[in-house]
Amino acid sequence: MLEDWSAKALEYTLKTHVSFLPENYSELVSQILFRFPNKPERHQLSIYLEHSLVILEWFSCEKSPSPYCRHFAFGAFKRFNNGHLIRIRNYIELSKWFGITPNELKWIADIYRQKNKKESNNHYWYTSIEKKSGGFRLIENPKGLLRQVQHKILEDITQYFPVHQNAYGFVKGKSCVHHAANHTNCQYLIKLDISNCFQSIDKNKVFKQFLYYGFNHEVSSYLANLTTHKCHTRNIWFDQFEKEQKILFKNRHLPQGASTSPSISNSVLYKLDKRLSLLSESIGYNYSRYADDLAFSGNSRLNFRNTIALISAICYEEGLEINHRKTSVTTRNKRQALTGLIVNEKVNVSRKYYDELKAILHNCIQYGLESQNREGHENYKEHLIGRINHVSMINIVKGKKLMKLLDRALSETD
């Protein structure tokens with residue numbers, strides 16, 4: 001924050017920290033001083049700037065300024081790229097930033113495909129995975145050059161997008177354990193699942209995110225194209241997907257498999273998290289989201305049908321749909337499970353998961369590690385260690401018991 005709270009000091013700060021500053025910046029300074037005659041707190045100024053119509057106008061025009069991160073509520077003028085300002089005005093400068101030619105940028109951004117409307121080139125590999133609940137999940141893995149470009153976008157831009165405090169999936173320092181810990185020792189647990197979450201986030205929503213955080217129309221459009229995908233659905237095996245999925249696949253959407261999709265999805269769903277958090281507060285419940293899993297918990301009995309309908313309506317207004325086949329309300333006298341963890345009294349591993357892993361390790365002792373590698377993991381030992389570490393993170397006593405069994409299995413193999 002400024003030490004000298006005056007028009008001259010504010011104008012100097014804007015000139016110093018904002019490239020391509022619009023001519024009417026003095027209007028913003030006047031409005032700030034009119035609203036805050038005395039120096040405000042940082043969060044007060046941040047909230048005011050976030051809702052400023054002058055700033056909104058700046059970022060809605062073609063020649064938008066290139067300042068720091070626009071989401072002022074998370075720290076006034078927070079910058080992208082770990083403190084280094086990114087100045088990109090057009091696709092030529094964007095291609096230089098990526099270290100590729102303009103034609104390569106147009107190619108991987110599907111500009112040629114849009115003009116010619118041909119499906120001769122595809123920048124993704126497709127993999128189909130069967131869901132436990134039925135149906136199939138499409139994994140879209142980007143190929144070489146596009147994968148490198150998306151990684152740079154993640155490292156320098158999207159990982160700095162703000163995430164709501166009640167979002168736990170794909171967030172550094174948070175896990176499914178932290179998500180589950182919000183809902184322990186509660187009388188009622190409501191669980192809902194967002195249907196086709198990534199595919200429901202289309203290019204327009206992604207474009208608005210980049211535009212909102214300071215990039216102009218042209219650059220935002222290219223970044224949105226690079227982080228979304230329209231499937232080539234001529235493959236015969238696409239018939240295995242449901243009709244609703246096929247419709248989403250044919251529109252540009254966040255691909256499940258791109259490194260940028262998790263951070264962008266969390267940013268797009270910020271408003272949803274905010275609305276659902278306010279709803280949960282109003283009914284005296286806890287709320288958290290882990291990827292596409294929504295959870296509410298509390299001790300007061302509600303009209304659950306109306307509450308679920310209201311949650312579904314909010315999701316629908318945000319462009320998402322709830323998979324009602326997975327919606328459930330569980331009371332404390334039954335097993336309350338969340339992301340595979342038991343939350344009745346404290347976060348714990350389910351008995352079924354623990355017993356299955358224990359049985360696998362006993363079989364490894366008797367018949368060898370590879371005899372149990374039915375899914376064909378490249379390094380089955382590391383796979384088992386990962387599963388045991390997951391248990392240890394939740395219940396260290398059970399984790400130690402399983403690790404002893406693995407040590408016995410390894411010694412028998414040697």
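A: Start with helix α8, residues 144-156, in this predicted model. Lys-152 and Asp-156 both sit in that helix. They are 4 residues apart, about one turn of the helix. The two form a salt bridge, and their closest N and O atoms are 3.1 Å apart. Lys-152 has 24% relative accessibility, so it counts as partly exposed. Asp-156 has 13%, and therefore counts as buried; the cut-off for buried is under 20%.

This pair is one of 8 salt bridges in the structure.

Another links two loops. Glu-242 forms a salt bridge with Arg-325, with the closest N and O atoms 4.0 Å apart. Glu-242 lies in the loop between α12 (217-227) and α13 (243-249), and Arg-325 in the loop between β6 (321-322) and β7 (328-331), so the pair ties together parts 83 residues apart in sequence. Glu-242 is partly exposed, at a relative accessible area of 37%. Arg-325 has 70%, and is exposed.

Next comes a helix-to-strand pair. Asp-273 forms a salt bridge with Arg-289, and here the closest N and O atoms are 2.8 Å apart. Asp-273 belongs to helix α15 (residues 270-282) and Arg-289 to strand β4 (residues 286-290), so this bridge ties together parts 16 residues apart in sequence. Both Asp-273 and Arg-289 are buried. There is also a network: Lys-271, Arg-275, Glu-317 and Glu-318 are joined into one by salt bridges that share partners.

Ser-411 is in helix α19, residues 396-413. Its relative accessible area is 46%, so Ser-411 is partly exposed. The side chain of Ser-411 reaches the backbone oxygen of Arg-408 at 2.7 Å. Ser-411 and Ile-365 are 46 residues apart in sequence, with their C-alpha atoms 8.6 Å apart in space. Leu-10 is in helix α1, residues 7-17. Leu-10 counts as buried because its relative accessibility is 9%. From Leu-10 to Ile-32 is 22 residues in sequence and 9.2 Å in space, C-alpha to C-alpha.

The largest pocket holds about 1300 Å³ of space. Its lining has 27 residues, with Lys-132, Asp-293, Thr-339, Gly-340 and Leu-341 nearest the centre. Two or more lining residues come from each of β1 (124-130), β3 (188-195), β8 (337-338) and α17 (351-367). By class, this lining has 10 nonpolar, 5 polar and 12 charged residues.

The second largest pocket has about 810 Å³ of space. It is lined by 34 residues. Nearest its centre are Lys-131, Ile-194, Ser-195, Asn-196 and Cys-197. Two or more lining residues come from each of β2 (136-142), β3, α10 (197-200), α13 and β6. Of these elements, α10 gives the most, with 4 residues. The lining of this second largest pocket divides into 11 nonpolar, 12 polar and 11 charged residues.

Methods:
Residues numbered from 1 in each chain as written. Predicted model: local features only at pLDDT ≥ 70, side-chain atom pairs only at ≥ 80, totals over all residues. Heavy atoms only, no water. Salt bridge = Lys/Arg side-chain N within 4 Å of Asp/Glu carboxyl O. Buried < 20%, exposed > 50% of the residue type's maximum accessible area, 1.4 Å probe, protein only. Polar contact = N/O pair within 3.5 Å; in protein donor to acceptor, adjacent residues only side chain to side chain. 1 Å grid on protein atoms, 1.4 Å probe; cavity = no way out; pocket = protein on both sides within 12 Å on 5 of 7 lines; lining within 4 Å. Points joined across faces, edges and corners; volume = space filled by probe spheres on them. Nonpolar A, V, L, I, M, F, W, Y, C, P; charged D, E, K, R; others polar.
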